[in-house]
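I opened the file today and kept notes on what I looked up. The entries follow in the order I made them.

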Amino acid sequence: MKVEIVKSKCQAYGNCADEAPELFVLDAGGYAEVVGDGTVPADQVNEARSAVKSCPARALLEIN
């Protein structure tokens, strides 16, 4: 599983970084960035899915 951010949709809510801080960080403006290449370790899949669901702007994608 991988995650991606649609940068044009991100509204800097920060929910993703709250839900999965190992997978998402916020830049200086508060916008989300994926850590690494977006590959989600098996033990963090639940956190990744929570982060995707928690985004009010629907800026996160789960890619299988």
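What covers the buried residues of α2? I began with how the model was made and numbered. It is a predicted model, in which local features need pLDDT of at least 70 and side-chain atom pairs count only at pLDDT 80 or more, while totals for chains, interfaces and linings use all residues. Residues are numbered from 1 along each chain as its sequence is written, and side-chain values use heavy atoms, with hydrogens and water left out.

**Entry: α2**

I looked up the cover of the buried residues of α2 and found that it includes β1 (2-5), α1 (15-19), β2 (24-26) and β4 (60-63). The buried residues themselves are Val45, Ala48, Ala51, Val52 and Ser54. Buried means under 20% relative accessible area, exposed over 50%, and partly exposed in between, with a 1.4 Å probe and protein chains only. Helices (H or I, at least four residues) and strands (E, at least two) are DSSP runs, numbered from the N terminus. I also noted that an α-helix has 3.6 residues a turn, so residues three or four places apart point the same way.

**Entry: Gln44**

Is Gln44 buried or exposed? Gln44 counts as buried because its relative accessibility is 15%. I found Gln44 in the loop between β3 (32-34) and α2 (45-54). Leaving aside neighbours within four places in sequence, Gln44 is in contact (heavy atoms within 4.5 Å) with Glu22 and Leu23.

**Entry: the whole protein**

I counted 2 helices and 4 strands. From the N terminus on, the elements run β-α-β-β-α-β. The radius of gyration, taken over C-alpha atoms, is 10 Å, close to the 11 Å that the globule rule gives for 64 residues, so the protein is as compact as a globular protein of that length. The globule rule is 2.2 Å times the number of residues to the power 0.38. Along its principal axes the C-alpha trace spans about 30 × 20 × 20 Å. Buried residues make up 34% of the 64 residues. Of the contacts with a separation of 6 or more, 60% come from residues 24 or more positions apart.
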